[in-house]
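This report describes the fold and selected residues of a single protein chain. The sequence and the structure are shown first, and the discussion follows.

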Amino acid sequence: MLARAGLRTGPGLGLLQRSQQLKHSACVAQPPRRLTSGLPVNIGVLFVPQQEAWVVERMGKFHRILEPGLNFLIPLLDRIRYVQSLKEIVINVPEQSAVTLDNVTLQIDGVLYLRVMDPYKASYGVEDPEYAVTQLAQTTMRSELGKLSLDRVFRERESLNASIVDAINQASDCWGIRCLRYEIKDIHVPPRVKESMQMQVEAERRKRATVLESEGTRESAINVAEGQKQAQILASEAEKAEQINKAAGEANAMLVKARAKAEAIQLLAAALAQQHGSAAASLSVAEQYVSAFSKLAKESNTLLLPANTGDITNMVAQALGIYTTLTKPQATKTQDEMPPAHEDPQLPIAEVLKAEQASSS
């Protein structure tokens, strides 16, 4: 009230001088004095400082605005009524209470940055520009906060500041003042709400920690499963390649054995066709026959022995006789003398065996 009274008793001061007088009156708390004594005195020749505009009245009516530099006035007729600063002015917006959309009471203060664009409108358009702009900023702040919840107030401070600047500029256009920006200094939350917010933050952080831990466990399990999968695939591929190589090796071994056996048979046939080949074959059969008796009763308990096992000479002669009987018909037979397909090819062999048994008995 002291500041407002002091400003109204001295209408000749500009916005900057009024702001300084407001601070001085609030701090010192002395009775207000007339501020018109601070206005420049018209002595005819005046020097206006840079970034200032002096409003001159002639016989109580607006005459002109003095520009920075040297100016001439008529004493007694011309009077300097207002001094306006064209610099950017900073005004502290007092702390105020506002209710958010979710019924939370906040204490908010701010800083307002102004500049006089038209000294004439700033002098004659409004009685107390600073008070008017401050009240407009406070009412706009309450209105904008009522549209936002508590959580959005902290996230949308920039949009809140821009809304207040737009509202002030729309109203202060006719005052010759332009609001450059508005900044919220402090937002004071009630203690209980502050504790609840702190608990919410801690719960949110615990939630994030739990989520991150679960995601880490999931990623670990996925990596382990992928590793096992790849290991099984590689193991199966290795086993498959091993089996393929083994089968190929066995097949090649069988082919090599078959070729070797075929070559051995061919060589044996060629040897038998030569002179004294039958004698050599008889000797080989006798050796194999004798060798077979040495392996009896080694692999099985069941034995089938001929009657004359003690007569080695007779056994060898019997084996040679069997070989001679088997090879003789094969050498003398021709293709036309071959037995029919329905006859048993083992019949001559059986007859030879019966003959040999009869002769031995």
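This is a predicted model: local features need pLDDT of at least 70, side-chain atom pairs count only at pLDDT 80 or more; totals for chains, interfaces and linings use all residues.

The chain has 361 residues, and 26% of them count as buried. Its secondary structure consists of 10 helices and eight strands. Among contacts in the chain with a separation of 6 or more, 67% are between residues 24 or more positions apart.

**Surface patch**

A nonpolar patch on the surface is formed by Val45, Phe47, Leu70 and Phe72, which together have about 430 Å² of accessible area. Two strands, E1 (45–48) and E4 (69–72), each supply at least two residues of this patch. Valine 45 belongs to strand E1. With a relative accessible area of 36%, valine 45 is classed as partly exposed, because this value falls between the limits of 20% and 50%.

**Accessibility of selected residues**

The table lists residues discussed in this report.

| Residue | Relative accessibility | Class |
|---|---|---|
| Cysteine 174 | 48% | partly exposed |
| Cysteine 179 | 1% | buried |
| Serine 123 | 5% | buried |
| Glutamine 138 | 8% | buried |

Cysteine 179, at 1% relative accessibility, is buried, whereas cysteine 174, at 48%, is partly exposed. A search for disulfides across the whole structure returns zero.

Helix H3 (residues 119–124) contains serine 123. Serine 123 is buried because its relative accessibility of 5% is under 20%. Apart from residues up to four places away in sequence, serine 123 touches Val55, Tyr82 and Gln84. Tyrosine 82 lies 41 residues from serine 123 along the chain, and the C-alpha atoms of the two are separated by 6.6 Å. With glutamine 84, the side chain of serine 123 makes a polar contact, side chain to side chain, at 3.0 Å.

**Surroundings of glutamine 138**

Which residues is glutamine 138 in contact with, leaving aside its neighbours within four places in sequence? They are Val93, Pro94 and Gln96. Glutamine 138 is located in helix H4 (residues 129–145). Its relative accessibility is 8%, so glutamine 138 counts as buried.

Technical notes. Residues are numbered from 1 along each chain as its sequence is written. Side-chain values use heavy atoms; hydrogens and water are left out. A disulfide is a pair of cysteine sulfur atoms within 2.5 Å. Buried means under 20% relative accessible area, exposed over 50%, partly exposed in between (1.4 Å probe, protein chains only). Patches are made of residues with over 30% relative accessible area and no salt bridge: like charges are joined within 9 Å, nonpolar side chains (Val, Leu, Ile, Met, Phe, Trp, Tyr) within 5 Å. Accessible areas come from the Shrake-Rupley method with a 1.4 Å probe; for residues, only the protein chains shown count as cover. A salt bridge is a side-chain nitrogen of Lys or Arg within 4 Å of a carboxyl oxygen of Asp or Glu. Helices (H or I, at least four residues) and strands (E, at least two) are DSSP runs, numbered from the N terminus. Contact means heavy atoms within 4.5 Å. A polar contact is a pair of N or O atoms within 3.5 Å; within protein, one must be able to donate a hydrogen and the other to accept it, and residues adjacent in sequence count only if both atoms are side-chain atoms.
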